[in-house]
Amino acid sequence: MDLFIEVDVDSTGASAVPPAPHWFRGVLSSLLSGVADRERQGIKGVSSGGMLMRRENGRRERLKSAQGNWDHLLDDLPPAPYWTNLLYTAGDTDLGMVRASSVVSGEGHAELSAGLNCGDEALSDAEYCTWIVDSLRETVNALNPSFGRVEYRDFDLITQVDRQLNRHHDDSIHQAREFLRGYAWVTICPRELAARLGGARRLEETEAFHCVLPLDGGAVLLQASETPMDFGRTERRRIFPVLAPVLPPGAAQPPPAHPPNLKAALGDALSRLNYR
C-alpha cells in the first residue's frame with residue numbers, strides 16, 4: 001500500500017468518543033469510502049474481511065461484511081479492542097485496511113491505523129492530497145490524539161526518529177505527550193507539545209509547513225508539503241529545527257530522507273552519471 005496512517009489515543013487525553021468505533025466509522029466513510037462503495041456495488045471483485053480479538057488471549061472472531069456493509073461490526077465494536085482489522089482486496093491486491101489495537105501499549109491506549117493503495121499519480125495530485133488531510137482531520141478531531149502521522153510507503157509502527165535513537169516502542173507510546181514520537185509528511189502533535197511550541201499560530205508563522213490545522217482538543221495537524229511525493233530531505237531539514245525542542249533526547253540530527261524518496265534521488269543521480 002502507498003500510505004500508512006497512524007493515530008494514537010491514550011487515557012490522558014481520553015474523550016467521550018469511543019476510539020475504535022469512531023476511527024472505523026470515520027475511515028470507512030471517508031478515506032476508504034471509494035473502495036467500500038466498489039464492494040457494495042460488486043465492482044471488479046472487491047471484497048473485504050477481517051478479524052477481531054475483544055481481549056488479550058480471547059477468541060479470534062472472523063469478520064464478514066453484510067453485502068459490503070460493516071454497520072453490524074461497528075455497532076458491536078468495543079471502544080478499545082485488543083486487536084481488530086478490516087482488509088479490502090481485489091484478487092491478490094490489497095486495496096486498503098483499517099485497524100485498531102491495544103496490543104503494544106496496554107490498557108487505556110489505542111493504536112489506530114489505516115492503509116491506502118492509491119498510486120503515485122493520485123499522490124502527486126494536490127487536490128487529492130488535500131482531501132486526505134481534511135478527511136483525517138475530520139476523523140481525529142474529537143479524539144484528542146497523543147500522536148499521529150501519515151507516511152509514504154512506510155508500513156512500520158516504529159517511527160523514523162525511534163529507529164534512529166533505537167528507542168523502545170512502549171517507551172515512545174507512553175511518553176508521547178512528553179516527547180514527539182517522530183514526524184512525517186503529516187504529523188499530529190499533541191496539545192501539550194503544541195503548547196510548548198507556541199500553538200498553531202506560532203507554528204504557522206514559522207512558514208516551515210505547507211499547512212497547520214488546529215484540532216478541537218488543542219493538538220495540531222502539521223502538513224509538511226503539498227503532496228507526499230514532495231516530502232524529502234529538504235522538507236525534513238526545514239521542519240526539524242521547529243520541532244526539535246519537543247523531540248526525544250538524542251535527536252540531534254534530522255532523520256534521512258524517506259527511503260522511497262532517497263531511492264528515487266539515488267536513481268536519478270545514477271541515471272545522470274550513466275548519461276554522462
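What follows is a set of questions and answers on a predicted model.

The model is predicted, so local features need pLDDT of at least 70 and side-chain atom pairs count only at pLDDT 80 or more, while totals for chains, interfaces and linings use all residues. Residues are numbered from 1 along each chain as its sequence is written, and side-chain values use heavy atoms, with hydrogens and water left out.

Visitor: How many helices and strands does the chain have?
Guide: Helices (H or I, at least four residues) and strands (E, at least two) are DSSP runs, numbered from the N terminus. By that count, the chain comes to 11 helices and 10 strands.

Visitor: What percentage of the chain's residues is buried?
Guide: Buried means under 20% relative accessible area, exposed over 50%, and partly exposed in between, with a 1.4 Å probe and protein chains only. The chain has 276 residues, and the buried share is 51%.

Visitor: Is Ser-48 buried or exposed?
Guide: Ser-48 sits in strand E2, residues 46-53. Its relative accessibility is 15%, so Ser-48 counts as buried.

Visitor: Which side chains make a polar contact with the side chain of Ser-48?
Guide: A polar contact is a pair of N or O atoms within 3.5 Å; within protein, one must be able to donate a hydrogen and the other to accept it, and residues adjacent in sequence count only if both atoms are side-chain atoms. One partner lies at 2.8 Å, the side chain of Glu-39. Another lies at 3.1 Å, the side chain of Trp-70.

Visitor: Which side chain makes a polar contact with the side chain of Asn-85?
Guide: Asn-85 is found in strand E4, residues 83-90. Asn-85 is buried, at 11% relative accessible area. Contact means heavy atoms within 4.5 Å, and beyond four places in sequence Asn-85 is in contact with Gly-49, Gly-50, Met-51, Met-97, Val-98 and Arg-99. The polar contact, at 3.2 Å, is with the side chain of Arg-99.

Visitor: Where does Ala-208 lie, and which residues is it in contact with beyond four places in sequence?
Guide: Ala-208 lies in the loop between helix H9 (199-205) and strand E9 (211-214). Ala-208 is buried, with a relative accessible area of 3%. Its C-alpha atom is separated by 9.2 Å from that of Pro-241, 33 residues apart along the chain. Leaving aside neighbours within four places, the contacts of Ala-208 are Ala-224, Arg-238, Ile-239 and Val-242.

Visitor: Which residue in the turn between E9 and E10 has a positive phi?
Guide: Two strands pair if DSSP finds at least two bridges between them. E9 and E10 (residues 220-223) pair in the antiparallel sense over four bridges, and Val-212 stands opposite Leu-222 in E10. The two strands form a hairpin with five residues between them, and the positive phi, about 110°, belongs to Gly-218.

Visitor: Which helix supplies the largest share of the lining of the largest pocket?
Guide: On a 1 Å grid over the protein atoms alone, a pocket is an open set of points where a 1.4 Å probe fits, with protein on both sides within 12 Å along at least five of seven lines; lining residues have an atom within 4 Å of a point. The lining includes Leu-31, Gly-34, Arg-38, Cys-118 and Trp-131. Helix H2 (33-40) and helix H5 (126-140) each supply at least two residues. The largest share, three residues, comes from H2.

Visitor: What is the volume of the largest pocket?
Guide: Grid points are joined across faces, edges and corners, and a volume is the space filled by probe spheres set on the points. For the largest pocket, that comes to about 180 Å³.
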